[in-house]
Every structure is written in structure tokens, then in C-alpha cells.
Amino acid sequence: MGRAIGGALVGYIVMACVTFAALTLAWVLLGADRAFMPGVFDVSLTWIMVTIIVGIVAALAGGRVARMIAKDTAGPRLLAALILIIGVASALHIINADPVSPAREGALPMFEAISQTRMRLWAMLLNTIVGAASALVGGRAMASASAPRGPI
């Protein structure tokens, strides 16, 4: 069980690193005007699509690492559970947030913009479900890649 927990935690760290690097690059390429809706901190549909793609890639990598460390599917399953728990907690935060988005004026540094970002509830839930499923798929891909192959 210790290997599974360690695998899930390291898998989550891998996910966080991949997500941070990819979304930083996306921010540089898109900028605030395409990442947010005009004049507010609500994310654009473009940004939502980017986060879904990045989330899939990050969760696949995290699931693969969790499987490598755990040596079985318990690591990716725990990682998927962790993704679901954190995603539901984030969704609850969105539900309890002020419904009025603050006005956005001029250029902002990335970290200041991130602190005020407002994700849509449906996007957060979709990212959570897709992320958990992708972690499981990443763990299974590792299993099939390491499975012994018979003669062709």
C-alpha cells in the first residue's frame, strides 16, 4: 500500500509539473486577451480547451509514473481518486465564489492573473472527470507496454 500511495503522490507531482510548464507556455502564446473573456477574469473557451488537452497529457504522464512506482494498478487508482477529491473541492470553491467577476484592465503579470482566474463550473468538473480517467488510462498503458509479448 505504501508503494501505491507514493506512486499516487509522485504521479500528482508529475502532473503538477507538466501542467505548470504547459500552461505557462500557453499563457505566453495566448496572452491574457485570449485566455480570458473580454474585460473580466472568466476564462475563455480557448483556455478551457487548452486546459483539457494539458490535463489529459499531464494525467496520462502521472498515471504512468504512479503505475511504475506502485508496480500495480493501485497507484493510478489512488491518483484518480486524488484528482477527483481535489477537483470536487475546487468545484465547491467555484460554487461558493462571488458570481460577479472583477474587471480586468490592461496587461497583468501571469501570477497575478492566475490568482484572479475564474473557471466555469462545468469546465472544472469536466477537467476533473477527464483527468481521473486519463490517469487510469496512463496506468493501463504502462501495464500493456510492460506486458510480455508472445511470438508474432
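User: Is Pro76 buried or exposed, and what is its relative accessible area?

Analyst: This is a predicted model, in which local features need pLDDT of at least 70, side-chain atom pairs count only at pLDDT 80 or more, and totals for chains, interfaces and linings use all residues. Residues are numbered from 1 along each chain as its sequence is written, and side-chain values use heavy atoms, with hydrogens and water left out. Buried means under 20% relative accessible area, exposed over 50%, and partly exposed in between, with a 1.4 Å probe and protein chains only. Pro76 is therefore buried, at 2%.

User: How many helices and how many strands does the chain have?

Analyst: Helices (H or I, at least four residues) and strands (E, at least two) are DSSP runs, numbered from the N terminus. From that end the elements run α-α-α-α-α. The count is five helices and zero strands.

User: What does the C-alpha trace span along its principal axes?

Analyst: The chain has 152 residues, and buried ones make up 36% of them. Along the principal axes, the C-alpha trace spans about 60 × 35 × 20 Å.

User: How far apart in space are Leu136 and Ala61?

Analyst: Leu136 belongs to helix H5. In sequence, Leu136 and Ala61 are 75 residues apart. C-alpha to C-alpha, the distance is 10 Å.

User: And how far apart in space are Met110 and Ala132?

Analyst: Met110 sits in helix H4. Its relative accessible area is 15%, so Met110 is buried. Met110 and Ala132 are 22 residues apart in sequence, and from C-alpha to C-alpha they are 27 Å apart.

User: What separates the C-alpha atoms of Trp47 and Trp27?

Analyst: Trp47 is part of helix H2. Trp47 counts as buried because its relative accessible area is 10%. Trp27 is 20 residues away along the chain, and the C-alpha separation is 8.9 Å.

User: Which residues form the salt bridge, and what is the N to O distance?

Analyst: A salt bridge is a side-chain nitrogen of Lys or Arg within 4 Å of a carboxyl oxygen of Asp or Glu. The structure holds one. In it, the side chains of Arg118 and Asp42 meet at 3.3 Å.

User: Where in the chain do Arg118 and Asp42 lie?

Analyst: Asp42 is partly exposed, because its relative accessible area is 25%. The pair links distant parts of the chain, 76 residues apart. Arg118 is in the loop between H4 and H5, and Asp42 in the loop between H1 and H2.

User: How much space lies in the largest pocket, and which residues are closest to its centre?

Analyst: On a 1 Å grid over the protein atoms alone, a pocket is an open set of points where a 1.4 Å probe fits, with protein on both sides within 12 Å along at least five of seven lines; lining residues have an atom within 4 Å of a point. A volume is the space filled by probe spheres set on the points, which are joined across faces, edges and corners. The largest pocket holds about 1,200 Å³. Of its 38 lining residues, the closest to the centre are Thr19, Leu23, Met119, Met124 and Asn127.

User: Which element gives the largest share of that lining?

Analyst: Helices H1 (2–35), H2 (45–70), H3, H4 (110–116) and H5 each give two or more residues to the lining of the largest pocket. The largest share is nine residues, from H1.

User: Which residues make the nonpolar surface patch?

Analyst: Patch residues have over 30% relative accessible area and no salt bridge, and nonpolar side chains (Val, Leu, Ile, Met, Phe, Trp, Tyr) are joined within 5 Å. Accessible areas come from the Shrake-Rupley method with a 1.4 Å probe. This patch covers about 410 Å² and is made by Val88, Leu92, Ile95, Leu121 and Leu125.

User: Which helix gives the largest share of the nonpolar patch?

Analyst: Helix H3 (74–96) and helix H5 (121–146) each give two or more residues. Leu92 is found in H3, and at 46% relative accessible area Leu92 is partly exposed. The largest share, three residues, comes from H3.

User: What is phi of Lys71 near?

Analyst: Lys71 lies in the loop between H2 and H3. Its relative accessibility is 60%, so Lys71 counts as exposed. Most residues other than glycine have a negative phi. Lys71 has a positive value, near 70°.

Conventions. Patches are made of residues with over 30% relative accessible area and no salt bridge: like charges are joined within 9 Å, nonpolar side chains (Val, Leu, Ile, Met, Phe, Trp, Tyr) within 5 Å.
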